[in-house]
Amino acid sequence: MSLRFVLLAACALTAPSLAPAQSHPIDRANLDTACAACQDFYSFANGGWAKRTTIPAAYSGYGSFNEVSDRNEALIRTVLDESAAAVRNGTAKAGSNQWKLGTFYLACTDSSTIESMGSAPLRPAFDAIDHLSSTADIAGSLGTLTRLGAGGIFTVAPSPDARNSQEIIAHVGQGGLGLPAREYYFRTDARSQSIRDAYVAHITRSLVLGGEQPAQAEDDARHVMALETALAQRSMSRVAMRDPNATYHKMTLAEVQALVPHVDLGRYLGQVGAGRVTTVNVAQPDFLRAVDSLLVATPVPLWKAYFRFHAIDNGAATLSAPFQAEAFRWQQVSSGATEQLPRARRCVAATNGALGEALSQEYIRRNFSPAAKARAVAMVANLQSALREQIKSLPWMSEPTKVQALAKLDAYVRKVGYPDTWRDYSKLVVTPNAYAENVRAARDFTRAINWAKLGKPVDRNEWGMSATIVNASYSPSQNGVTLPAGILQPPFFDPAADDAVNYGAIASAIGHEMTHGFDDQGRQFDDHGNLRDWWTAEDAAKYDAQAKLVVDQFNGYTVVDTATHVNGKLTLGENIADLGGLKIAYLAMEKSLTANGRPALIDGFTPEQRFFLAWAQVWRRNVRPEAARTQVNTDVHAPSQWRVNGPLSNMPEFQAAWGCKAGDTMVRPDSLRARIW
């Protein structure tokens, strides 16, 4: 569950505190005052910016998150350029983090070597596929194929036991699909059909690049599509998977083996480096049964074509230009981007993915002081206190449920800025001039670290993201909030800005993550991170009734055209978190204003108005139609316009700040307004 980033403006586009008020982060040039704040606040707050902002050719959209991510990327690239230079001139100590960062990055940017190798990095996977001659061969090689990037029909990974978060167990889940969501395989509308056609063409071209003759590749591509469609038919939807009880089926390894009698699970687990597994949670038992049936019913040559394609598709980023161009050509279908990112930028991302904590450590040393961390820690504590007061005052929640809710809140683990202990990369082998090999080594290294946790207690202090990322998150099993250093900069957090701006931006984001502990999913986990129903039946019914109002509200929103709707059930958790985060941050701001005094108008706006403007500017984003359509089908986050207008239209505080009246678009009718927080 995370804070993330989408929609063009609906209106026609026209032209004493956290710190002393020294800056003016609310730029009036970003506004579109011809669009009334009470009719479409997103466009009022961001219309001027949207009009003058062009989406870069290599992007699917562009907004505040991209601005900060690009800024962070430039800082990271400086570290990598320096590391690469140290490797070249011999000053980097062999085997050190600096040496590994520079060597990995140099191998990725070494286009001449990568081009000379062509498809050679695929040879290990192709050799394993070529040796498959029977169903038994396939069933006995699934782990190897998965490790080589060619399998992945189902996923197996260590993760906390949802009902006993003190222990890490193996989890098995569905996989094997190449389209963005299972629904794309079945929908009968013209766009879905065009996406399927484009996917089959992508499979065909990929197989040709891998060495097949065009006619054979066309035939194989149709069969691969048919096989994936069969897998999709037995896959759970993203909405269904949002129910944690629906994906919890704890079994012994023998019981899982009975679901897939044709697969030697012990052998599979050994091939992926899992070690001794005794207990497994199977997220989708029906899917595993379908996999076992398909292993027997599908001819071996068709399985081999399936594995070859996925080996090519998964490895394309490490291969020569034709493979990368084909991968980007397919990516364009869902992103709408018109150019591929330059190799150097792709290599920054790849190195960050492989050695993220090594890069983060250097980023923190240069860009995030202990004082900044202390300040962020204080902000998180203040928001936690505000949420505590809000829970205690909720009129609809009974005292027994409040006691449990407050116990959960008080148990929150707060991870701010960066980890206290950094990952040890001493066992990661990085080889000069061997990019594909290094990517596989990094993948195996991470897999080994994860499997080493099997049977051990959950480390609630472990970070699940890079400290450089422009994001934040809440983990139900850890019952913890993570706020990386990467997001603690303008427009999210500005030490020189007035309270209202910082509360509207970063404090609302922190409140968002805290509220995830009490969204429709998070509320089902207790203070220890265990899946347990701690609600009274009456309170749960009241909560669900209010949540349904949020579902119905967002179901009514559209993107691109009047037929493409936001999925209210898919986005419910994020929408509840937005509403709660804003409420908590607003209350905290008002408390600060009471304690420290109200400032005079700044740029003509009251603190309350600036609070809401700051929230809106965080979510400003122009987006391509292809990406907007993909988002509503795959993303648990609502598009940007509705992340602004949706929760604000439920808030009397917003209506009072801007003088909105009943009947205005930004004033939701009282009978339809959600009152969870």
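Predicted model: local features only at pLDDT ≥ 70, side-chain atom pairs only at ≥ 80, totals over all residues.
Strands of a sheet pair through backbone hydrogen bonds, in either a parallel or an antiparallel manner. Here S6 and strand S8 (residues 480–484) run parallel and are joined by five bridges. Within this pairing, Leu-483 in S8 is the bridge partner of Val-416.

H16 additionally meets helix H21 (residues 572–596): the two axes come within 9 Å and cross at roughly 105°. An angle from 65 to 115 degrees counts as roughly perpendicular, and H16 and H21 are therefore roughly perpendicular to each other. On the H16 side, the contact is made by Leu-383, Ala-386, Leu-387, Glu-389 and Gln-390. H21 contributes Lys-583, Ile-584, Ala-585, Leu-587, Ala-588 and Lys-591 to this contact.

A further pairing of strands involves strand S2 (residues 154–161) and strand S3 (residues 164–174), which run antiparallel and are joined by eight bridges. S2 and S3 form a hairpin, with two residues between them. Asp-161 stands opposite Asn-164 in S3.

Aromatic side chains were examined next. The structure holds 33 aromatic pairs. One of these is formed by Phe-518 and Trp-677, an edge-to-face pair with 6.0 Å from centre to centre and 70° between the planes. This pair links distant parts of the chain, its residues being 159 residues apart. Phe-518 belongs to the loop between helix H19 (499–516) and helix H20 (537–555), whereas Trp-677 lies in the segment after helix H25 (652–658). Both Phe-518 and Trp-677 are buried. Elsewhere, one aromatic cluster is formed by Phe-41, Phe-44, Tyr-586, Phe-605, Phe-611, Phe-612, Phe-654 and Trp-658.

The charged end of Lys-373 sits over the ring of Tyr-418, at 4.0 Å from the ring centre. Arg-643 lies over the face of Trp-619, with a distance of 3.9 Å from the ring centre.

Arg-643 is also one of the buried residues of H24. Nine of the nine residues of helix H24 (residues 640–648) are buried, so the helix is largely enclosed by the rest of the structure. The buried residues are Ser-640, Gln-641, Trp-642, Arg-643, Val-644, Asn-645, Gly-646, Pro-647 and Leu-648.

Ala-657 is located in helix H25. The threshold for a buried residue is under 20% relative accessible area; Ala-657 therefore counts as buried, at 16% relative accessibility. When residues up to four places away in sequence are not counted, Ala-657 touches Glu-608, Gln-609 and Phe-612. Among these contacts, Phe-612 is also a member of the aromatic cluster described above. The C-alpha atoms of Ala-657 and Arg-621 are separated by 24 Å, the two residues being 36 residues apart along the chain.

Key
Residues numbered from 1 in each chain as written. Heavy atoms only, no water. Phe/Tyr/Trp six-rings, centres within 6.5 Å; stacked < 30°, edge-to-face > 60°. Helix = DSSP H or I, 4+ residues; strand = E, 2+ residues; numbered from the N terminus. Buried < 20%, exposed > 50% of the residue type's maximum accessible area, 1.4 Å probe, protein only. Lys NZ or Arg CZ within 6 Å of the ring centre and 35° of its normal. Pairing = 2+ DSSP bridges. Axes fitted to C-alpha atoms, helices over the stretch in contact; angles between N-to-C directions. Parallel < 35°, antiparallel > 145°, perpendicular 65-115°, else oblique. Contact = heavy atoms within 4.5 Å.
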